[in-house]
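Me: Could you walk me through this structure one feature at a time? I would like to learn how to read each kind of contact before looking at the case here.

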Amino acid sequence: MCWYTPMPMTKRSVVMEVLVKSNGLGLEVDDKRFVMNINGYMKESETGLQSSLGEKVTSLAEMISLDSRSRPIWSTFNQAPVLILGGFQDYKIILVSDSEFADFTAVEVGIDSCWIGSVNCPLDSFSSSIFDAIATESMLLLRQNQLVYYFTGNYSVLFLPVPGSGLWTRVLNNICVSRLNPVHFPHNDSEFVIALGGGVQEGEFFLGTIRDGAVRFPESHAKGRKTVCEHLNISCTILWAVYITEEEMIVLLVEGKKKSSKSDYYIMAYDQANGDFWMLYSIPRFIPKDTDKGFVMLLGLEEYTDSPLIPRGLSYNPFSTIFYIWGNVILQSYDLVNYIHLSDFPQRSPISYFILSYVGEFVCVTVSEEIWFSVEGSSVVVRLYPSEPWDMFFSLQLMRGSKDFSLNETFVSLFFNKEGLQQLVYIPDGHGEGKLIKRNFPLHYILSYRHLIIHQYHWLYLEDSQYIKFFHPCSFSVMRLEDLPAPQRFTRMEHYCTEPPDVMDRTGFHNNVSLAVYQGLIFQLLWLHADYSRPYADPVHDPTWRWWKNRKQYGEYFFYVASNGNSSGGVYVNMEGYTKIYDLQPNNQLPSKIYLDKNNVFSFSVFLSIRSKAQSMQEMLEENSLDFVWLTVVLAHPRFVVSDLHRHYLMGRGSVLYLVTIRDTGQYPKQELSGTNLLKSSMALKVVNSATNCYHYTASGPKLQGYAMVPIFIGCPPGKRLAFDITRTLKYTTKQNKRYFDCIHKNPELPCFFFNDVFYPFFLIQDMVTGDSGPFMGSYMLRIIGGGPYSESRIRLYSPSEILDYNTANGSTPLSLIWMRANHTKPALTDPEGFNVFSGIDCGIKWICEQNSPCYDVVPLDLTAPDYFFLVEVSNRAVDKSTYCDYDLEFVIHIHGLRLSPSRAIAFMKISMAVLTGIVFLYVLHQVLGPVIGAGFTRLIQRFEEALAVRTESNITFSGSSSIQSQGNSHHTSPL
């Protein structure tokens, strides 16, 4: 049963992949890798999605013929989401793919087909072809004739400050460009491309920097300085350029032209910082004679043939530091000065392009479409195509009826990806159309078939029995890796477990509701992963802790409801199924890459066995003896990484055991942020004479063994961070001060610290990959870089001069310190600028807020003491020698109970005393005069009452006499 789930997007990444693996139940299913890159070169239209690069081309039949030459695919290594391929004769068409050519779109690019030939830029002929096409993370570049164009993709996820392009934009308008050279690796968050000048700019080059979605080509390096031709004092042309980013050095292949038809070739270096040229190597004019050893060391004492040596290009592997000069020969060097000629490569067909895998293998394609292969560090160069092993494999595929192989196929390109060597071929269907397919190049099959063809079997008679015996070019039969460490610490790959929700439907099939819930959960998990960079360390070092911390207590209830089929929405989410995995176990294979921090050690064991006595009947001693089984380790940077090998004989088992240790020396001079500007290095593990000779069979076919190259990144590994340990800080500060005063209005996310207490900050080093979390015991600088009273919203960033004034005694403003060290018994450690240097055991801080500091004399808003919020920066850069990591942390601390200034305190005291004095005076006055005033008031009331009573009696008397008088009058007036 299969079901689908939407693919989540990783924050700030446009290159993603999915590996689908079987759960081991049911039929055996091979693992499958899918590339899920983001294509930023599409746009919405009324008819649906369309390419924003130009018009879509539906047929490739007219562009590709059987005699078409292959061409390379150039891109930024493992960083370009979209690959492009040009080179179609007389067509301004490129192939665009966001899936490493599992599928693609043919586009006729929307540029003008111009031919601007002039005296300053002569062109022999006009062509609409796209000669050079380079893909970077956010941009595509191409060259047509002498014109260079670029197109920026629409990648909102990269937060580019510029919008995506609407049209192709031309650059280097006044430059005659003869070639574009790619720079395969970024540096300092920038990507690069090199343009070589022609015409009047011949002998010049232009290094373009791609950053934030824009490419910038500065003026020629030669402005105001000598060109490389002027430095050599000859007429010359730059044929190729390689930018070695770690050394900021550009290496040039220069052809020196003379009046005679012969040319001299030089390897020149250009220092970006100083603008100086110097010669690295003068290439011999003729090809050295072969010595039947497969290589010739060029020491100046070797013999030469009459064939001219014609170089065509350069390649450089920053991991192995091997530099190649290729043309009708292959020269390799480890230091760009001393070279070895690989004489197994013939001179009959010059190399057209050179492809590095960056994991120890390289392939070159000649102008006659021959494919040659070699292992780095080996002198063996093998032709893969055309060859008898290729014909054998090809015939077997045709017999199987494979649709990926055809007699009429056209070789289009060759490139390496994580699955190995890939080949693009065009297969016509016989009806005027065809298809472009990507297939795994059968490298290991061809090499294993080659051994069977070269080393023919012979008959062997033993004890009246006849056997077939094959020659074994490999000195061992079994190679195993053991005792490898847990991989996550060195590969720095984070893993999460995300189980799909349970569906309450009886069928068990997922529906849109369950898929939407699952997608939302994955996005929430990725959001927690990206957001887990809070300066305050959580009590539990796990991004998922905040997700479930308030719901764990209801887990059993939700399970009970789900077990009765009454879950809300018809789905049940198990909280235990969404966790981060920290305990992956090694699978007895070398990791794909290794990250080494200062003094880190990576160790493992290698077990090598020879064939048993029954397997090695009548073999010579050198064919099956432990004395011929030797393991070596080749390091690219022995100054920074060293290795130890300890050999142990296991005679009873016919084996040797090597204990291998790779250790960082601690001599790397740089200190960088986590995961940035790492030194690319490598470890090549190989058994002597095993290159292309040893292989073993697996379920997916034969695989080479005896050689493995592992990239090593030296520096601060990704996934390590510094965090403020608020839990330990609160406990230790309370213990040392024997009290803790919190704010009136408490905030669990931002606890308060009392101004008069000594502040003891502690910090954690948290490893986001392994889950390790421990106290930071190195040295660091702490400084206040901002602050504001009353609330966080009023924090203001300080200027550099203010930061110096408020944190050191070296500032220009006296009496401006915000804080000082609490421990005065030990001499204070400071950096050259005067900033205090702390350590994990000496970290006490006392707040002082001197007269000219911003926290001095803060006016309270109510009857409580004023608060202040400080923005604190902690950095170990240049003061900590225990790590290559440049930890930089900024966090806010809330200080309450600030003291008032003396003048304001005296003013408040005077006002308070005046108020208190007035209150006391009124109280005394009340106590002394109160009875007299009370008695007088009482008498006044009594008199008022008496007067009121008299008045009332008078009124009553007057009313009574009036009534008697009226009665008397009534008696005298009776009728007669």
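Me: Which side chains meet R480 and E482 in a salt bridge, and how far apart are N and O?
Reply: A salt bridge is a side-chain nitrogen of Lys or Arg within 4 Å of a carboxyl oxygen of Asp or Glu. Here the side chains of R480 and E482 form one with each other, at 3.3 Å from N to O. Please keep in mind that this is a predicted model, where local features need pLDDT of at least 70, side-chain atom pairs count only at pLDDT 80 or more, and totals for chains, interfaces and linings use all residues. Residues are numbered from 1 along each chain as its sequence is written, and side-chain values use heavy atoms, with hydrogens and water left out.

Me: Is R480 buried, exposed or partly exposed?
Reply: Buried means under 20% relative accessible area, exposed over 50%, and partly exposed in between (1.4 Å probe, protein chains only). R480 has a relative accessible area of 34%, so it is partly exposed. E482 has 25% and is therefore partly exposed too.

Me: Which residues are joined by salt bridges that share partners?
Reply: E17, R33, E100, K418 and E419 are joined into one network. Within it, R33 bridges to E17, with the closest N and O atoms 3.2 Å apart. Strands are DSSP runs of E, at least two residues, numbered from the N terminus (helices are runs of H or I, at least four). R33 counts as buried at 14% relative accessibility, while E17 is partly exposed at 36%.

Me: How many salt bridges does a search of the whole structure find?
Reply: The search finds 21. Another one of them pairs E370 with R348, the closest N and O atoms being 3.5 Å apart. E370 sits in the loop between β30 (361-366) and β31 (371-375), and R348 in the loop between β28 (339-342) and β29 (351-356), 22 residues apart. E370 is buried, at 9%, whereas R348 is exposed, at 52%.

Me: How many disulfides are there in the whole structure?
Reply: A disulfide is a pair of cysteine sulfur atoms within 2.5 Å, and the search finds six. One of them joins C474 to C694, with 2.0 Å from S to S. C474 is in the loop between β37 (465-469) and β38 (478-482), and C694 in the loop between β48 (679-687) and β49 (695-698), so the pair ties together parts 220 residues apart in sequence. Both cysteines, C474 and C694, are buried.

Me: Is the link of C474 and C694 right-handed or left-handed?
Reply: With 100° about the S-S bond, the link of C474 and C694 is right-handed. For C743 and C752, the torsion is about -105°, so that disulfide is left-handed.

Me: In what order do the four strands form an open sheet?
Reply: Strands of a sheet pair through backbone hydrogen bonds, either parallel or antiparallel. Two strands count as paired if DSSP finds at least two bridges between them. Here the order is β5-β9-β8-β7, and the pairing is antiparallel. The edge strands, β5 (54-57) and β7 (83-85), each pair on one side only. β5 and β9 (residues 105-109) pair over four bridges, and V107 in β9 is the bridge partner of K56.
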